[in-house]
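Please look over the sequence and the structure shown here before reading the points that follow. They are grouped by topic.

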Amino acid sequence: MRILSIQSSVAYGHAGNSAAVFPLQRLGHEVWPVLTVHFSNHTGYGAWRGPLLAPADVAEVIAGIEDRGVLGSADAVLSGYQGDPAMGAVILDAVDKVKAANPAAVYCCDPVMGDVGRGMFVRPGIPEYLRDVVVPHADIITPNHFELDFLAGRTTNSLAEVLDAVDTVRATGPRHVLVTSVLHGDVPEGSLEVVAVSDEGAWAVTTPLLPINPNGGGDITAALYLAHLSTTRSPATALERTIASVFAVLEATLAAGTREIQLIAAQDAIAEPPARFTARRVR
């Protein structure tokens, strides 16, 4: 695949494009990373240096790719954190240009806005912008459980309620939804679920709940799910492969005792996802 990935970048560690690009390349895909920020490190440290790029500058980079005559050959556009509606508009304009030239191209959006225990951590107005403008443009979205509840306008406490919430969001536009960090009354203690829903049905994978929550995990998950879904055309297989690789990365991170995800150390599990988790059909 050829993937236009419009995300943040860090020099030290892995977040945004610095988390998404290498796994995609390790799977053999061509990635065109467009940076929205270039920070010294991810913001989880509480301090960082480097520039926040202006939306007009990001648009110029995309225009330069278009000048090469290759923008329309992209198979997918991938985006993550969008800190400003103006940046979101630049991303959606790129999506429209890619799809105008290649109607088969897809847009995968990780609607980053918040999480359980932290609440919303983006600027006021961004969650509503993602819900009302960005998500309806997407073909694939990868919210966590907290973000799904916001997008659907409800609180979900059971698998059935999660699936109903996904249906509500899918009715706005995206056909494929991957919900991460799902916790409901039927999930065994010490575990969590990841749920994939498409026109073909719904599947869930249950994994142990590891005692870490490093930055960049969601960025890898969105990238890998886009890649595996596009190459296998099977939500169940994409779910199994994505979670197997991400879990291996998190295990390596936990073993290393670091706050940076161990992408390099676990790269073999990215290139060849172990047959570790089985997706069960839930609808």
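Predicted model: local features only at pLDDT ≥ 70, side-chain atom pairs only at ≥ 80, totals over all residues.

**Helix α2**

- The residues V58, I62 and I65 of α2 are buried. They cover an arc of only 50 degrees around the axis, so they sit on the same side of α2.
- The buried residues of α2 pack against β1 (2-10), β2 (30-39) and α3 (85-101).
- Helix α2 runs over residues 55-67, which is 13 residues, and at 1.5 Å a residue these should span 18 Å.
- After α2 comes G69, which has a positive phi, near 75 degrees.

**Helix α6**

- Helix α6 is made of twelve residues, 159-170, which at 1.5 Å a residue should span 16 Å. The distance between its end C-alpha atoms is 16 Å, in agreement with that value.
- In α6 the buried residues are L159, V162, L163, A165, V166, V169 and R170. Seen down the axis of α6, they fall within an arc of 160 degrees, and therefore they line one face of the helix.
- Among the elements that cover the buried residues of α6 are the strands β7 (140-141), β8 (176-182), β9 (191-198), β10 (201-208) and β11 (280-281). The cover also includes the helix α5 (145-152).

- R154 belongs to the loop between α5 and α6. With a relative accessible area of 33%, R154 is partly exposed, because that value lies between the cut-offs of 20% and 50%.
- Which residues does R154 contact, leaving aside its neighbours within four places in sequence? They are D149, D164, A165 and T168.
- R154 and A165 are eleven residues apart in sequence, and their C-alpha atoms are 7.5 Å apart in space.

**Aromatic rings**

- How many aromatic pairs does a search of the whole structure find? It finds three.
- In the pair of F39 and W48, the ring centres are 5.8 Å apart and the planes are at 35 degrees, so this pair is tilted. F39 is buried, with a relative accessible area of 13%, whereas W48 is partly exposed, at 39%.
- In the pair of F247 and F277, the centres are 5.3 Å apart and the planes are at 80 degrees, which means that the pair is edge-to-face. An angle over 60 degrees is what counts as edge-to-face.
- F247 lies in helix α8 (residues 235-256), while F277 lies in the loop between α9 (267-271) and β11. The pair therefore ties together parts that are 30 residues apart in sequence.
- F247 counts as buried, at 5% relative accessibility, and F277 is buried with a relative accessible area of 12%.
- R259 lies over the face of Y45, at 4.1 Å from the ring centre.

**An annotated span**

- The unreviewed UniProt entry carries the annotation "domain: Pyridoxamine kinase/Phosphomethylpyrimidine kinase", which covers residues 94-258.
- In the model, residues 94-258 are 45% helix and 20% strand. The end C-alpha atoms of this span lie 36 Å apart.

Notes:
Residues numbered from 1 in each chain as written. Heavy atoms only, no water. Helix = DSSP H or I, 4+ residues; strand = E, 2+ residues; numbered from the N terminus. Expected span 1.5 Å × (residues − 1). Buried < 20%, exposed > 50% of the residue type's maximum accessible area, 1.4 Å probe, protein only. Arc of directions from axis to C-beta. Contact = heavy atoms within 4.5 Å. Phe/Tyr/Trp six-rings, centres within 6.5 Å; stacked < 30°, edge-to-face > 60°. Lys NZ or Arg CZ within 6 Å of the ring centre and 35° of its normal. UniProt positions renumbered as here; feature names shortened; annotations may be inferred.
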